[in-house]
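Hi there,

Here is the structure I promised to pass on. Have a look at it first, and then read my notes below.

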Amino acid sequence: MSRTGTQRAGTGIAGRAYRIGTALWMTAGHGPRVRAVADATELTAADRVVDVGCGPGTAVRLAGRRAATATGIDPDPAMLRFAHWSTAIPRPANISWLEGRAEKLPLPDGQATVVWAISSAHHWEDRDAGISEARRVLAPAGRLVLAERLTKPAARRHAAHGLTRDQAEDLARQLTAAGFGQVRLHIGKAGLQTVIIIRGQKDPAAPARNRAEQ
């Protein structure tokens, strides 16, 4: 189940129960992928991390232990409520939560040194806009890291939630075109899953693409 998909589960008792179940499932199964991304990002104690599509907040909590600050952003209020609840005791002073979408991040320019999206970029309605927004909120030389499950070209339904290798290579090219340098694509194991991790560094000398040119 995707993070954004939980918004279609309904608003009644059954919908709330479904969302809670989804949040618990995501929390339990997300650990290996989160650790792989954190390692690939090379987090330091000085980093300011933004998790786009944070879901129940597993990656935000890990980032909060390794970095200076960690902000989780998600379009689903129910997921954010679960994230608040699961971080309430103790409540780390360096962790915060915001409602928002990848295409319009509720953050000022240059606030983050790391922006990552773990299993959420394949749901973005406009990937060019999401990449552009990530670049906007990153400080010079900040890192953008996108991680997805490797899927097969013929996959359907839940098995299609991720990226094929061809789609990942296209996404890496989008990062380069959007003004990211040192773009690298890595495919490896995270627990029982094969994951794709794409990393790029904001190049302050490269002009951001004009949306009219995309």
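In which strand is alanine 117 found? The answer is E4, which covers residues 112–118; strands (E, at least two residues) are DSSP runs, numbered from the N terminus.

A word on the source before I go on: this is a predicted model, in which local features need pLDDT of at least 70, side-chain atom pairs count only at pLDDT 80 or more, and totals for chains, interfaces and linings use all residues. Residues are numbered from 1 along each chain as its sequence is written, and side-chain values use heavy atoms, with hydrogens and water left out.

Back to alanine 117. Its relative accessibility is 1%, so this residue counts as buried (under 20% relative accessible area; exposed is over 50% and partly exposed in between, with a 1.4 Å probe and protein chains only). Beyond the neighbours within four places in sequence, alanine 117 is in contact with Val52, Trp124, Val145, Leu146 and Ala147, where contact means heavy atoms within 4.5 Å. Cysteine 54 lies 63 residues from alanine 117 in sequence, yet their C-alpha atoms are 7.6 Å apart.

The other element I looked at is strand E7 (residues 193–202), where 7 of 10 residues are buried. E7 pairs (DSSP finds at least two bridges) with two strands:

- With E5 (residues 138–149), the pairing is antiparallel over 7 bridges; glutamate 148 has isoleucine 196 in E7 as its bridge partner.
- With E6 (residues 180–190), the pairing is antiparallel over 9 bridges, and lysine 189 stands opposite threonine 194.

E6 and E7 also form a hairpin with 2 residues between them, and glycine 191 in the turn has a positive phi of about 65°.

Best wishes

How values were computed. Helix = DSSP H or I, 4+ residues; strand = E, 2+ residues; numbered from the N terminus.
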